[in-house]
Amino acid sequence: MTIPEWLKQKTEHGAQSREHGKAKERFLDKTLRDIVSFTENTMFNETTSLKNGFLQSVETRLKVLTIMFFIILLSLQKSILAIAVFSLVSLALALISRIPMLLFIQRILPAFFFTLLISLSATLNVIVQGEPFANLYRFSKLYSIGGLTIPREIYITKQGLLSSLTLLLRVTASVSLVFLLTLTTPPNKFIKAVSSFMPGTFKSIVSMSYRYIFFLVRKVEQFIMGFKSRNISAASYGVTGRKWVASRMGLLFSISLKLSAELGQAMESRGYRYENFKFFASGEPVRGGQISDFKFSMADITWIIFSVIFTGAIIWKSLM
Amino acid sequence: MHIPDGYLGPYTYGGLWAAIVPIWIYASGKIKETLKASQVPFLALSAAFSFVIMLFNVPIPGGTTGHATGATLIAILIGPWAAIIAVSIALIIQSFMFGDGGITAIGANCFNIAFADVLVGYGIYRLVAGVRGQSPQATRRGGGSGVISTRHLIGAGAGAYIGINLAAFLTAFELGIQTVLHVGTDGRPLYSPFPLAVTIPAIMIEHAVLFGIVEAVITIFVLIYLRKSHPDLIGRGL
């Protein structure tokens with residue numbers, strides 16, 4: 001059996017440069033990759049949050065409140081040693097919470113590498129001036145770019161090195177603490193706990209919004225899969241690609257509005273009273289979500305004792 | 001453009017938290033004036049919409065891709081005060097649930113994107129569209145005619161471009177002043193180590209020549225799509 005001649009002929013689209021083909025793949029596949037990673041991360045959070053670890057047993061609102069406090073405490077630290085202690089503590093907490101170390105590190109790595117990349121330039125005297133630590137290069141004359149004058153000698157400064165290390169450790173520790181929260185708390189409980197600190201209607205809006213994000217993300221995935229299955233050429237890149245993205249955003253908006261109207265009707269038919277809604281008031285009690293429901297467990301008491309000792313030690317070290 | 005934790009010192013992030021809370025209260029009050037039965041799910045879905053459109057990768061000339069914030073677009077579609085709340089909620093969920101943007105920096109990110117970008121972008125849209133005296137509802141309907149004219153599209157594009165560039169400038173400014181506000185006794189910057197002379201050109205150039213244009217083009221294209229396919233949805237906001 002021979003391949004017919006018409007099938008062997010290259011179409012106009014097929015003859016387009018490889019670059020355009022790659023670019024087309026890039027914008028669709030990048031969005032798909034983002035969606036997959038978004039869904040995967042949420043699923044992993046769900047899995048690790050159901051493990052029988054230490055932080056999983058701590059009451060969600062208490063955990064959210066204390067870890068947020070730790071993040072603020074961390075942001076006030078000036079000593080590199082104190083900041084490093086936060087990283088070590090979050091690693092230890094990840095271990096006793098049975099979070100797979102590889103997964104934990106994988107989550108932190110993007111923020112770590114991004115900060116490492118940009119903080120490397122801050123080690124140079126061009127950015128942070130100070131005592132020379134290591135000489136790198138010597139120009140024959142002075143150069144100026146915009147408002148920045150490039151000195152004749154380029155070297156790593158002691159202050160720049162310490163500043164970069166401070167930033168890198170601070171960002172890594174902060175991100176570790178945030179991921180400790182997300183990896184040890186089921187997403188629905190987490191969003192409920194976060195919204196429980198918000199006033200009035202915000203509680204309902206945040207938790208409802210979080211739920212429907214997944215619905216809309218699924219729609220975007222369907223748009224892309226449909227688009228990819230209908231197109232084999234690279235012509236969809238460029239203006240066409242931008243128009244397609246814009247049209248899907250518009251369609252998504254129409255879906256959101258339709259859904260919100262249906263939701264409003266469904267809520268009304270179930271006796272939901274909007275008149276009780278106030279943006280900055282306590283609002284109607286949410287079953288199982290109020291502070292009055294709180295009962296201390298052994299894990300909660302252990303966590304409170306640890307938090308008090310840790311905070312005390314950090315403050316004592318700062319005052320020394 | 002989302003500032004992570006660790007880059008801003010307490011004076012800056014504390015100050016911006018203090019600035020954004022009254023804005024949220026005022027915006028909530030403005031929404032409450034027109035509170036209708038469908039408003040809670042409407043705001044929730046608008047926040048979800050705001051979150052999801054930031055996921056889209058938009059093709060940029062040269063083969064790379066970028067994201068649009070959609071701040072001005074959402075303001076035009078649902079009204080500026082509802083947009084402030086919707087975009088803020090999207091940013092808060094991003095920061096808490098997905099570590100995208102810092103928790104201490106929520107005030108700063110909301111101030112830059114959900115407030116400055118939204119209000120300035122929307123203000124410029126109204127100014128260029130020449131509908132200063134009309135209500136936001138009428139503006140969203142295209143001067144009350146139910147149609148978005150070319151002038152409205154130009155206004156939307158200009159608003160989106162200037163709005164995102166203002167947000168980028170504020171981000172650059174907030175990062176750049178850390179070297180003045182927070183320096184250790186040994187002379188090392190304690191937070192973002194880059195001075196204004198570095199942060200402003202580094203962040204502004206890419207927004208002025210690339211991301212601002214993408215934001216403007218996407219805003220215009222979405223409005224053209226809605227004008228053609230769902231004209232009934234224009235002006236259905238608050």
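**A loop residue, then the two chains**

Mentor: Start at Arg98(A), in the loop between helix H5 (80–96) and helix H6 (101–121) of chain A. Helices (H or I, at least four residues) and strands (E, at least two) are DSSP runs, numbered from the N terminus. This is a predicted model: local features need pLDDT of at least 70, side-chain atom pairs count only at pLDDT 80 or more, and totals for chains, interfaces and linings use all residues. Residues are numbered from 1 along each chain as its sequence is written, with chains lettered from A and ligands numbered from 1 in the order written.
Trainee: What's the phi of Arg98(A)?
Mentor: Near 60°, a positive value in a residue other than glycine. Most residues other than glycine have a negative phi.
Trainee: Why does Arg98(A) count as partly exposed?
Mentor: Because it has 15 C-beta neighbours inside 10 Å. Buried takes 20 or more other C-beta atoms within 10 Å, exposed 12 or fewer, partly exposed is in between; C-beta atoms are placed from the backbone.
Trainee: How much of chain A is buried?
Mentor: 35% of its 320 residues. For chain B, the figure is 64% of 238.
Trainee: New topic. How many helices and strands in chain A?
Mentor: 11 helices and 4 strands. Chain B has 9 helices and 2 strands.
Trainee: What pattern does chain B follow along the sequence?
Mentor: α-α-β-β-α-α-α-α-α-α-α.
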